[in-house]
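I opened the model to go through its chains one at a time. These are my notes, in the order in which I looked things up.

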Amino acid sequence: MKIFELQNLNAGYRGIRVLHDITLVINEGDFLGIIGPNGAGKSTLLKVLSDNITPTSGSIVFKGSAIGSYRRRALAQQIAVVHQSLENILPFTVYDFLRLGRFPHQMLWEIESHEDRSSIEQAMTMTGILHLSNRKIGELSGGERQMVRIAQSLTQSREVIILDEPITFLDINHSIQIMDILYKLNQAGSTIITVLHDINTTSDYCSRIIGLKEGSIFVDGPPEDVLTYQNIEVLYDTVCVVYENPLTKKPQVFPVPAHVKE
Amino acid sequence: MKGKIFFTALILITGIILVLSLSMGTTFISPSKLLALLTDGEDTVEYLIIMKLRLPRTVMALLVGAALSVSGVLFQALMKNPLAEPYTIGISGGAALGATIAVVSGLDYFYIALFAFISCTLTVLLVYTLSIRRGFGPTSLILTGIALSFILSSGVLLIFAMTRAQQVHKALLWLMGDLSLARYKTLGLMAAILPLIIAASLFYFKHLDVISFGDTFAKNLGVTRRDNRNIFWIASLLAAISVSMAGIIGFVGLIVPHVMRFLFGPIHLKLIIASAVGGAVLLVLCDLVGRTIAPPYQIPVGIVTGFIGGIFFLSLLITRGDRVQ
């Protein structure tokens, strides 16, 4: 099934066009990694998909209907978004914070149904944060907090999860934990769309990679087709070599430092 | 558990202060005598003092205190800023200008309140329209509010500069926040409307939790622009009605939510209820202090809240250091 269909889409902010003529189909079960240099429009593309900015022209269809025709609550029940950071952090406990993910599913006065409770507990188990349940989110480490935010998105929706740089600033242990969880979710049927800066992690986990350059789709395909040195050198304007990861058999990209370029 | 103890304590304190508020004043009427008076003492002077002066004044303090505190809670969530309060967006400035015009024109209490209400509703409307053009974010709200406040307070000072001293004094008393004019006629309307609006704010208790974490965060959880606007108008109306009736009583909308957040945590269902009770009792207490501390003078309640609120806030900052948030 087609989850998203973008047709000749242009989008931007205050007259500055960031995305140019994007035509794209995202299917159910995709594990899509979006890569590209800073300023290429990766975050903007996510904002379009999560209906946070309206395209200036072109169309975006979510599950067969124009995304603008959905009520916010209906979208929130199906699409969970993990932003780069929270605007403000209140001293909520981890458990209370996760319950906010249930907001679009609840009635006006409902505080916590049986279903809410099991969904929260399941999300905590899956992300391994049960022991953090009563801690305040402001007191957690960066890695723990990111795990909590992933868990919250699971309480909200497992259908479509959109993440903006979920592992930037995390150590390799937390990075791999988060990517493993996303992989497991994808195996169980979730559609995952994520912007990543680490090309090699993208290659190891994603089934499909889109390279954005100056607001347009530069390459789109499985890691083996996208991550060739010819593509990456043009995409990032950087000299690279590509090897295969001996375990995952996926291509790995290594930029070449200036002092060995001779 | 801790919350329940605090809440029981809060209710107990409220009861004690309510009784004190009725018995203390220029004439002391002992609490034990209160009940006797209310059952069969209808012709006595004490009965008149209680029913015509102290009771309406106490009820007004309860309502205004609750409304200002809840309004503060809502504005703090909307602006993601624990230092936001009803007056940040220029509500006080608007009310001050309207009331000053009415006072210097020699109009009576009803018209002062009416002018204040119209003028601050227009101010809120202006802040709303101007900031909506810039996305209705916290920064645009605060900046527009501050800019308008300057213009409005200059307007008040301009009127003062062109008016006789006696009228200026009268207007100043109003600006300081004054509960001495509380009478049943105007109180009835307030008593009907304010609790309803406070109840309406409870419809949004979960929205407020979500909004506090950020606008994009809230949007992706299903909070709409209309929800934001409704909360804004609920908060504004609470403050506008209070200020129009009782003058500019500062610090309540800031200090009460702050203390309640410390006692009951950041979740808005508890926070709104606790702030309503806490704000109500704080204002009754401040008014009680104001009218008993320096007889024969009655010190306007706004001055008392300013002193108590300011000192309390400073001590909190000093003792709790950076944990104040």
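**Chain B, overall**

I began with the secondary structure of chain B, which comes to 14 helices and 0 strands. The model is a predicted one, and I read everything below with that in mind. Along the sequence, the pattern of chain B is α-α-α-α-α-α-α-α-α-α-α-α-α-α. I then looked up its radius of gyration, which is 20 Å; the globule rule gives 20 Å for 325 residues, so chain B is as compact as a globular protein of that length. I noted the box filled by its C-alpha atoms as roughly 65 × 60 × 40 Å along the principal axes. Of the 325 residues in chain B, 47% are buried.

**Where chain A touches chain B**

I counted 19 residues of chain A in contact with 18 residues of chain B. Which elements of chain A give two or more residues to this side? They are α2 (72-78) and α3 (94-100). The largest share, 3 residues, comes from α2(A). I sorted this side of chain A by class and got 10 nonpolar, 5 polar and 4 charged residues.

**The sheet of chain A**

I traced an open sheet of 6 strands in chain A, with mixed pairing and the order β6-β7-β8-β3-β9-β10. Which strands stand at the edges? They are β6 (79-82) and β10 (216-221) of chain A; each has a single partner strand, so one side of each has no neighbour in the sheet. I noted an average twist of 15° from one strand to the next.

Strands β3 (residues 31-35) and β8 (residues 191-195) of chain A run parallel and are joined by 4 bridges. In this pair, A:L32 stands opposite A:I193 of β8(A).

**Helix α5 of chain A**

I moved on to what lies over the sheet. Helix α5 (residues 142-156) of chain A lies across β6 and β7 (160-164), and runs at about 170° to β6(A). I checked its length: at 1.5 Å a residue, the 15 residues of α5(A) should span 21 Å, and the end C-alpha atoms are 21 Å apart, which agrees.

Is α5(A) mostly covered or mostly open? I found it mostly covered, with 12 of its 15 residues buried. The buried stretch includes A:R145, A:R149, A:I150 and A:L154. I listed what covers these buried residues, and the cover includes α2, β6, α3, α4 (114-127), β7 and α6 (172-187) of chain A. I note that α2 and α3 of chain A are also the elements that give two or more residues to the side touching chain B.

**One residue, A:I232**

I ended on A:I232, which lies in helix α9 (residues 229-236) of chain A. A:I232 has 24 other C-beta atoms within 10 Å, and is therefore buried. Which residues are in contact with A:I232, leaving aside its neighbours within four places in sequence? They are A:L227, A:C240 and A:V253.

How values were computed:
Residues numbered from 1 in each chain as written. Chains lettered and ligands numbered in written order. Predicted model: local features only at pLDDT ≥ 70, side-chain atom pairs only at ≥ 80, totals over all residues. Buried ≥ 20, exposed ≤ 12 C-beta atoms within 10 Å, placed from the backbone. Contact = placed C-beta atoms within 7 Å. Pairing = 2+ DSSP bridges. Axes fitted to C-alpha atoms, helices over the stretch in contact; angles between N-to-C directions. Nonpolar A, V, L, I, M, F, W, Y, C, P; charged D, E, K, R; others polar. Rg over C-alpha atoms; globule rule 2.2 N^0.38 Å. Expected span 1.5 Å × (residues − 1).
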